[in-house]
Amino acid sequence: MKKYFLLTLLLLLLTVPPVQAWYPRLKKEMIVTRETTVVGHDRDYITDSSDTLIELARRAGIGFENLVRANPGVDPWNPRAGTRLVLPSAVLLPSGAQIGIIINLAELRLYFFWDEAGVKKVRIYPVGIGREGWASPLGNFEVKTIIDNPEWSPPASLRQEKPELPGIVPPGPDNPLGSYWIGLSAAGVGIHGTNQPLGVGRRVSHGCIRLYPEDIADLVGRVRPGTPVRIVDQPVKQIVHAGILYLEVHLSTENPAGFDFYSGNWNREVIAQTLKLAQGLPVKILPLR
């Protein structure tokens with residue numbers, strides 16, 4: 001039964017019409033319209049004997065947890081050579097998309113929306129976020145400061161945890177903020193680069209949002225003080241278009257609060273399995289005939 005479902009799920013994923021997104025490594029932009037459903041497209045990759053998923057995520061410019069979630073059953077530290085992997089780049093846009101930045105903590109992605117001559121576009125970046133006990137804040141904020149080659153002053157709470165830390169870390173390879181700091185109106189919280197890029201796509205920071213070095217260099221040139229920033233937690237995203245349900249799940253659940261998938265005329269078995277597997281891949285759920 002499970003093999004049958006996975007085959008059905010693969011066929012449904014392959015029939016989702018792709019719309020080009022812009023990831024910094026893919027060099028593509030996407031125009032957002034009312035007809036937009038799935039953004040971007042997934043890619044295939046065949047492992048060799050030297051691969052690990054954390055290094056592959058870095059090379060591919062995607063988040064580590066997204067890569068692991070999209071490939072259940074694959075050992076992230078020692079995948080068998082010759083394994084076919086999905087590199088997840090297809091997404092549903094988070095609800096409430098607006099001009100500016102939206103960070104969805106549940107899926108570890110940052111979306112930057114802007115208007116270009118009356119046309120709405122989006123760029124997408126994987127992010128690292130706050131670990132347990134240092135959760136990244138939810139809410140509506142704005143960009144306050146933009147700093148090149150920032151100094152880092154470890155907060156008092158972190159210095160209690162690591163008293164060996166210096167009072168100030170100058171710019172350079174030992175600075176965990178990387179080459180750029182985008183400070184938010186949330187006190188002490190910012191979007192920045194990193195000197196530990198393998199932490200992108202994971203919950204490892206002390207509340208800030210970290211990007212790959214290439215990605216923060218791209219984003220920092222596109223934002224200004226006053227750019228709105230919305231941080232949300234949407235583990236389940238859905239779009240209904242032309243009577244078809246598109247569903248993307250980042251947290252395994254049987255009955256997510258605030259969602260009613262079963263009132264429509266869709267395949268309930270596929271919905272239930274998509275919620276349970278939580279692979280973070282957009283699934284096209286056809287109406288029953």
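## A partly exposed pair

Start with Glu 142: at a relative accessibility of 31%, this residue counts as partly exposed. Its salt-bridge partner is Lys 144, and the closest N and O atoms of the two sit 3.6 Å apart. Lys 144 is partly exposed too, with a relative accessible area of 47%. Keep in mind that this is a predicted model.

Now for a pair on the inside. Glu 248 and Lys 237 form a salt bridge, with 3.1 Å between the closest N and O atoms. The bridge links distant parts of the chain, since Glu 248 belongs to strand E17 (residues 244-249) and Lys 237 to strand E16 (residues 236-241), 11 residues apart. Glu 248 has a relative accessible area of 0%, so it is buried. Lys 237 comes in at 2%, which means it is buried as well.

## An exposed pair between strands

Which residue does the side chain of Arg 84 meet in a salt bridge? The partner is Asp 44, at 3.4 Å from N to O. Arg 84 is in strand E4 (residues 84-87) and Asp 44 is in strand E3 (residues 43-46), so this contact ties together parts that lie 40 residues apart in sequence. Both Arg 84 and Asp 44 are exposed.

## The overall count

How many salt bridges does the structure hold? The tally is 13, and the pairs described here are among them.

Note on methods. Residues numbered from 1 in each chain as written. Predicted model: local features only at pLDDT ≥ 70, side-chain atom pairs only at ≥ 80, totals over all residues. Heavy atoms only, no water. Salt bridge = Lys/Arg side-chain N within 4 Å of Asp/Glu carboxyl O. Helix = DSSP H or I, 4+ residues; strand = E, 2+ residues; numbered from the N terminus. Buried < 20%, exposed > 50% of the residue type's maximum accessible area, 1.4 Å probe, protein only.
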